[in-house]
Structures are given as C-alpha cells and as structure tokens.
Amino acid sequence: MAASVGRHLSVRLKRAQEPIALGAVGATLIVAALLPFVFLVVNLVRAPAEVSAGLALLGSREPWFVFLRSVASALVVALASVLVGVPLGLLLGSTDVRGRKAALVLHAFPMFLPPFLLALGWFYLFGRSGLWGGSEQTSDALFSLGGSVAVEALAFAPVVTSLMALALQGIDPSLVEAARVAARPGHVATRILLPLAWPAAALGAFVVFALSLSELGVPMFLRVRSYTAAVFARLGAVQYAPGEALVLTLPMLLISVALLVLERRLIGPGSFSVLGLRSAEKTVLPLGKWRPLATIIAWTGALATLLPFVGLAWRARTGFAALRDWIGTGPQNSIIPAAIAATLLTGIAVVVGRAIALRRPGATALDALTVLAFVTPAAVLGVGLIEVWNRPATQPIYGTLAIIVIGFVARYAVLPTRTFALAVARASAHFEESAAVEGAWFLRRLVRIVVPLHARAIVAAWLLAFVFCLRDLETTILFYPAGNAPLTVRIITLEANGPEPVVAALALVHASIVAAALVLGALAFRPRKAS
Amino acid sequence: MTTPISVERLAFRRGTQDILSEVSLSIDAAEVVALLGPSGSGKSTLLRMVLGLVAPDRGLVRLDGEVVSADGRILRPPEERGLAIVFQDLALWPHLTVRGNLAFGLAAKHLPADDQNEQISRVLQRVSLQGKQDRYPANLSGGERQRVAIARALVLEPRALLLDEPLSNLDVPLKHELLSLLKEILRERRVTTVYVTHDLREGMQLAKRFAVLEAGRISQAGTLDELLASPATAFVRALREDLDRGRAGTSV
C-alpha cells in the first residue's frame, strides 16, 4: 500500500516537473522584475507628503518639456539607427561585399560597450583639445542635443545592423533563389528581403528607442538635459528628493507600457524569422559592377562606429602607467556580478525560452514581463529596486554586490530568453517529443535533449547576457554598494575629476574585457572539424 | 535547331568533396527529362548551376546554344536566363498574396499592370485557383500551395521549367492529382522540362528520357526501357526492383 502511494506521488511529481520549474523561474523573475513595479505603484498610490511634493513638480511645465525632448530625441536616435543600420545590414548580411563578415564584427563591437565610452572617444577626437578638433565649433557641436543624438545613433546603429543581418541570413535561401530567377538583385532586395526582414528592423528600432530613452552616460557627459538624468539627480546627494524621483518615473512608466503593447502587437511573433528546409545554407546577392562601390560604402559605415577608439587610444597613451593607482576593484565589481547574473539568466532562459517557443501556459506573461523590464527606462526600474530592497531587513542584499545581480536579472532577462526561444523555435519539436514518447520526463528531456541540442544557443545566451551586464551603467549607478563601484561607474565618476589619460585607459580596459569575452565566445562557436 | 539546355563536363567541388564531376547532358526542345538520383547525389546543385545561382568550377552551361556559365564564371545572371523553378519547399513568399507571388517576376520584367492581371488570371484558372488570388500562402491548403508554385513558374512563360522534387512531401492521392495536372500542362505548353526526383514511378508519368546522377556523375542515361534492360549501377537495379514490386502489387 505504502509502495503504491509512493509510486503514485512520484508519478505526480514527475508530471508536475515542468510547471514547477516554470513556476520557480517565474517566481524569480517576479521578485526581480515585477516587484519593483508593484512597489512603485503602491508607493505612488499611498502618496506620502514627499510624493505629493513630487506631484506638484509634475504640475509644472519644466519636467514635461524635458520628458518630451527626451522622447523626441530617442525617436530621432531610433530613426537614424534604422537609416544607417538597415542598408548596412542588407549589404553586410546578404550581398557579396568584400570582407563582409569582418566588417560586421567590427561594426557590431561598439554596441556591447556603454555608449558614454564612445562619447568619450568622440570627445578626444573633436573636443577643444581633441586629436582632430581643437575648435570651438566642433566642441560646441559635440556638446549639444544634436551631438548627443549623433553619438547615440552611431553607438546604437549596430543593434539594427546586426539584427537585420541575422534576420537576412536566417531567411530560407529558396525564397531568395526563387526571386533571383525572375528579378535583378535590387528588385529582390526591396521586394523580398526587406519585407521579410522588416520585423528585425522594427525590433531594432524598438530596442534602440528603449536604450536611448534609458541612456544616462551620454547626456550626462555631453551636458545635455535628459529626463533620465533628472530622475538620477534626485537620487544623488546634492539634490536628494526620492519622492520626486518616484513621481518623475510615472510618465516613463506609461511609455514602458506603451512600448510593451507595441512590441506585443507588431513585433513579438515576427521576431522568429522566415525559415525553411534549407535554412542552414546561405545565399548572397551578387552586386556585379557595384561591388567595389558597395564594399567602400559598407566598410566606411562599419569603420565609422569604430572611430572613437582612435580618440581613446590617442588620449590613453600616457594613462596606462598610472592605471594601477586608479582602477581599484572596478573590473571585479563588473565581472563577478555580470558572470553570476549571466549564469542565472541563462538558467532562466532555458526554462522560459523553451516555454515561449513551445507556447506553454504562462510563458507569454513571463515573456511580457521580461520585455517590460527591458524597455522600461533604467531609472524607473532602478527606483523600483531601491523601493523594494533598501530596508534594514534586506541590507545583506542591498549593501552588497547581490543587488547588482538582482538588477541585472531584472533588466536583461529578455535578451538570453529570446535568444534561446529563437533557437528552440527553429529546431524540430520532434526531438523532444520523441524523448517524451520514450518515457523521459521534463527534467530528463531538458538535461539530455534540450540542453545538448542547443548548447551553442546557451553559450550565445550567456555571452549576450554577460556583455550587456558588463556595459550597464544606468541601472547600477542608482544603487551600487558603497566602495564597490563597477568599472562603468568608476569611469564616469573619474571623468568628472580624474586625469583624462587614465579615464581613456580605463575605457580601453573595459573595451578589452568585453572584446576578450566575445573572442572566447567566438572560439566556442568555431565550426567543428570533421574527424 | 539549337538545344534549349545543355551542360558540358560540369565539375563542382565544395571543400574536399566533389559535388559534380564531368557531368554532361543535353535536353531537346519540348522534351521532359527526369533527373534521378539518391539524396546528396548533386541533383539540386546541377539545377542551381543551370539557373545561374552557382558557377561551375569547370565546364559549360549553354542555353539555346549561348554559353551562360563557364569555368567559375556566371556570364548571364539568373534573371536573364528565362528559366523558372519549382523548389521542393515551394519557396512561396509568405508576405505576398497569391497574386503578389505571381506578379513578382512579371513586375520585374516591367510588364504593364493590365497584361500582368490578364496573365495571372489565365494561369490561375489553368491550375484551378481562380478566386484565391488575394490569399496569403499561409491560408492555403498543401495542394493549393503546390498549384501556386507551379503557376508562379508558368506565368513567366519560361523557355525551360526546372522542377526540384516538387511533389516529394505529398500524400499519394494529391501527388497523383498534381502529376496529372503537370502532365497536361507540359503537353499543352510543350515547355522543355527537367524534373528532379528520386522516385522512378513519378518520373515515368512525365518523362520519356531519364538521366541518373550518382555521387556527382551521370551513371546512366536513356529511355525507360534502356534503363530497365541493362541497369548500370546498384541504384538503377534497386529502382527496377522497386518498380517490379509495385507492378506486382498492382496486379494482385
């Protein structure tokens, strides 16, 4: 009798493996990403005195002016990124431009760095004492709203380029070849490739808009007033007014919800690109006599995004000697939380990403939550995280690097999750179904089939999460524990009052860490040689 | 009279693997040739060379006597070859309606809109798809999609039609129905056709002449009787045995 009950319980437990796993991962995401929103809303509703003061602030024109200007400049950045990224993605992703893979890798690299490092590089090129500048005009142009928009557009254009190139490479070659038989490459590009890849361009524009609206470092460095900076300023020592900061997040919260609705309506299902039987093969459009010109245009566009490194390298010449005195614990404060968060995020991605691809109950809600947390300006999420965790009982978390890990898990879950969901959606469902038919329960299928089958996607998901956590400034700057500033925070703090060559050298150290991570990832992706 | 399609001593290598070696084949005007061969034998690569999507490392491709590809170079790009293809996966553009799929090639030829509409209507009627022109591929049945792919190829009035295992994923009744349709259309239009398949019985429905491609080489070519009378390889023997079994099954 007892044995029978035990067997019965064991079977029930095995059947519940999948909902339990999804529930546990969902609970983690809810604690990390949803609670901050709940606390924000609850505290706004409670409306203590300081919130009332903040509401009075929203009654004046000033914050709305800055808010609308920030939204408008984010829109312009997104539009400019699309104008640069779509043609470049088309050239590098689907034509026979010479050295297109190398050009794409070089062009894409800056998107894994905090944009303010690139702003520093542009400053060392075109600032008053810059390598190629030295005039008031170039400096004034850089330190303006236009300069800020241009720097961000060049920093974020690789997001659109890369998404376009990936989408184009994922299109079934038969669709392209069927068109090539009947039409010239230009007609094929405009009538077949671009319409098929438009969800990628739309996703790119959407991501760039969200990143630009969250961007703190570039407007702060270029002395341009932005709404995110206004929220941040109210959490600093000089202008400390957390109630006002809380209320100022309200318009941005509305933008987040609008972005979420837009993503659900327009992009969500389309981000899984058009695949067919021959998706593993690649096909390129021959440019014929236009190939040399297209090669020059593509490489010029690709290298333009790398120009800031010339400025950084030039300014850093004398900075490396003093690096040891200034670097502190910045690198480990960046790498350790980023690695822990990336590992947690990859685990979440395997469970949630698979569930999204297989349309499991509850997965859509979790997907929406991760999108919401990513598109929400970091200042809003940061204020929410402070509301949740800054209390005596949770000081062991809030006072240590653990809060940074939580912040990363909240903000970046969408990136590895969507990466893994895409990989699962592209593979045949029969792999896992066959294992189920042979009696494997969820966890066994996950460990023995799903994980080995998608090992490369798991590496990609980890790497993407890791580099995005490394590049983060705008979330962590709000609540990093005292004495444990990550490298990005350390660089922007030193930029205000430290020696320029050292700041430039630190920026290059940061870029080198990211480059090393990407090279290690690329080595993991090397095609396997047949034995 | 010139030969619509001929390939001479074609060779193509990918890495260390020979995909095609010394492949020569001619197809006469209005002739239907079935290209048989096991998976991975190079059939699709040969078609893609004829289409101009891949350049041969060595050898020539001629269309109506004109050299269009030679020794690593594509001399005439695909869109200028006047050929049409139906792929195994059909490759219907999912973002275009049935009409959009058919109009794509006509628009690329700058045909006036009225002429486009007239040609599209005529071809859709021929494949019994009138009234479906505003549907997207996702909203069609498997058989209807197959008909759209055939219509898309025919609407261009190509000088030759290449069919790359277009019926391999269909159930038997649908396959028979579409084979009958194809047979009628090819007879009516007298269009030069290469029909790629690994199924001899399917090829027999449409073709009088057969070429067998194995490991990148033409191992045997001729009429059905010639193939069955003296099979040159184990693959052709297996085809004959399969055919014999089928006939025995039918007679029972």
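Predicted model: local features only at pLDDT ≥ 70, side-chain atom pairs only at ≥ 80, totals over all residues.
Reader: Which parts of chain B does the pair B:Glu144 and B:Lys132 tie together, and how many residues apart in sequence are they?
Author: B:Glu144 belongs to helix H4 (residues 142-154) of chain B, whereas B:Lys132 sits in the loop between helix H3 (113-126) and H4. The pair therefore ties a helix to a loop of chain B, and the separation in sequence is 12 residues.

Reader: In chain A, what residue forms a salt bridge with A:Asp96, and how many residues apart are the two?
Author: The closest N and O atoms of A:Asp96 and its partner, A:Arg291, are 3.8 Å apart, and the cut-off for a salt bridge is 4 Å. A:Asp96 lies in the loop between helix H4 (61-94) and helix H5 (100-108) of chain A, and A:Arg291 in helix H14 (residues 291-304). A:Asp96 counts as buried at 19% relative accessibility, and A:Arg291 as partly exposed at 24%. The partner is A:Arg291, and the pair links distant parts of the chain, 195 residues apart.

Reader: Which helices of chain A does the pair A:Arg315 and A:Glu500 link?
Author: A:Arg315 and A:Glu500 form a salt bridge whose closest N and O atoms are 2.8 Å apart. The two residues are 185 residues apart, in distant parts of the chain. The helices are H15 (residues 307-316), which holds A:Arg315, and H27 (residues 500-524), which holds A:Glu500.

Reader: Turning to the two chains, how many salt bridges are counted between chain B and chain A?
Author: One salt bridge joins B:Glu79 to A:Arg180, the closest N and O atoms being 2.6 Å apart. Both residues also belong to a network of salt bridges with A:Arg184, B:Glu66, B:Arg76 and B:Glu80. Between chain B and chain A the count is 4 salt bridges.

Reader: What helix gives the most residues to the side of chain B that touches chain A?
Author: Contact between the chains involves 25 residues of chain B and 22 residues of chain A, and there are 6 residue pairs in polar contact, both at pLDDT 80 or more. Helix H1 (43-51), strand E7 (83-86) and helix H2 (98-108) are the elements of chain B that give two or more residues to this side. The one that gives the most, with 4 residues, is H2 of chain B.

Reader: How many salt bridges are found across the interface of domain 1 and domain 2 of chain B?
Author: B:Arg126 and B:Glu188 meet in a salt bridge at 2.6 Å, N to O. The largest share of the domain 1 side, 9 residues, comes from helix H5 (residues 172-189) of chain B, and the residues of that side divide into 9 nonpolar, no polar and 5 charged. Across this interface the number of salt bridges is 3.

Conventions: Residues numbered from 1 in each chain as written. Chains lettered and ligands numbered in written order. Heavy atoms only, no water. Salt bridge = Lys/Arg side-chain N within 4 Å of Asp/Glu carboxyl O. Buried < 20%, exposed > 50% of the residue type's maximum accessible area, 1.4 Å probe, protein only. Contact = heavy atoms within 4.5 Å. Polar contact = N/O pair within 3.5 Å; in protein donor to acceptor, adjacent residues only side chain to side chain. Nonpolar A, V, L, I, M, F, W, Y, C, P; charged D, E, K, R; others polar.
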